[in-house]
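Let's take a walk through this model together, one residue and one neighbourhood at a time.

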Amino acid sequence: MSESQGADAVAVTADEGVAPAGAVSTDVIRVVVAKPGLDGHDRGAKVVARALRDAGMEVIYTGLHQTPEQIVEAAIQEDADVVGLSVLSGAHLTLFARVVELLAERDASDIVVFGGGIIPDDDIAELEKLGVAKVFTPGATTMEIVSWVREHVHPA
């Protein structure tokens, strides 16, 4: 899987390997996987991205150290159905909230936001109140994540 940042992101598909960013398919769930903030550990995000790709979804991994603004811009440019955020740094309340807020400002609230990482149970309810559809914590399986995305996200 290729990894890059910002406008140079690539779409990873199960059938075609790497397709140019911006290639749009209407019958496949399009997922942007992102690492907001200063967190430098992305193994989990890459595992989730690969699992979603292997399940037939188009996945765009934006790379490390993305701002909420960059993530929202990528989601809109890529016509994403869903954004998956991974935060291990403890900044999840601020970063997830900002992504949801920016999507609303850009009239893109139809893009589902889910997340994962080291997130205390007490913060999960707060994130859901802010508009994060689902939070996966350590121990969640890739099968669980793939199933949830399939059940709760529909391609545009």
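Start at H41, which is partly exposed because its relative accessibility is 44%, and exposed would take over 50%. One thing to keep in mind throughout: what you're looking at is a predicted model. You'll find H41 in the loop between β3 and α1. Which residues does H41 touch once its neighbours within four places in sequence are set aside? They are K35, L64 and L88. Take L64 from that list: H41 and L64 are 23 residues apart along the chain, yet their C-alpha atoms are separated by 8.0 Å.

Now for the overall layout. The protein chain has five helices and seven strands, and if you read along the sequence they come in the pattern β-β-β-α-β-α-β-α-β-α-β-α. Of the 156 residues in the chain, 48% are buried. If you take the contacts with a separation of 6 or more, 72% of them are between residues 24 or more positions apart.

Is H92 buried or exposed? It's buried, because its relative accessible area is 3%, and the cut-off for buried is under 20%. Leaving out residues up to four places away in sequence, H92 touches V87, A97, I118, I119, P120, D123 and L127. L127 is 35 residues from H92 in sequence, and the C-alpha atoms of the two are 8.4 Å apart.

From there, move to the nonpolar interior. In soluble globular proteins, nonpolar side chains tend to be buried together. Here, the largest nonpolar core has 24 residues, and those touching the most other members are V83, L85, F96, V99, L103, V113 and V132. Which elements give two or more residues to this core? They are β3 (30-34), α2 (68-77), β5, α3 and α4 (121-130). The largest share comes from α3, with six residues. For a close-up, pick L85: beyond its neighbours within four places in sequence, L85 is in contact with A34, P36, I71, F96, V99, V113, F114, G115 and G116. There's also a second, separate core of 21 residues, and V31, A51, M57 and V153 are among them.

What kinds of residues make up the lining?

For charged residues, then, look at the salt bridges, of which the structure holds nine. The side chains of R30 and E58 form one of them, at 2.2 Å from N to O. R30 is in strand β3 and E58 in strand β4 (residues 58-61), so this pair ties together parts that are 28 residues apart in sequence. Both R30 and E58 are buried.

Another salt bridge joins D42 and K46, with the closest N and O atoms 3.6 Å apart. The two partners fall into separate classes of accessibility. D42 counts as buried because its relative accessible area is 11%, while K46 counts as partly exposed because its relative accessibility is 29%.

E73 and R106 make a further pair, and their closest N and O atoms are 2.8 Å apart. E73 belongs to helix α2 and R106 to the loop between α3 and β6, so this bridge links distant parts of the chain, 33 residues apart. Both ends are partly exposed: E73 has a relative accessible area of 29%, and R106 has one of 41%.

Finally, have a look at E69, R98, E101 and E105, which are linked in a network of salt bridges.

Terms used. Residues numbered from 1 in each chain as written. Predicted model: local features only at pLDDT ≥ 70, side-chain atom pairs only at ≥ 80, totals over all residues. Heavy atoms only, no water. Buried < 20%, exposed > 50% of the residue type's maximum accessible area, 1.4 Å probe, protein only. Contact = heavy atoms within 4.5 Å. Core = buried A, V, L, I, M, F, W, Y, C linked by side-chain atoms within 4.5 Å. Helix = DSSP H or I, 4+ residues; strand = E, 2+ residues; numbered from the N terminus. Salt bridge = Lys/Arg side-chain N within 4 Å of Asp/Glu carboxyl O.
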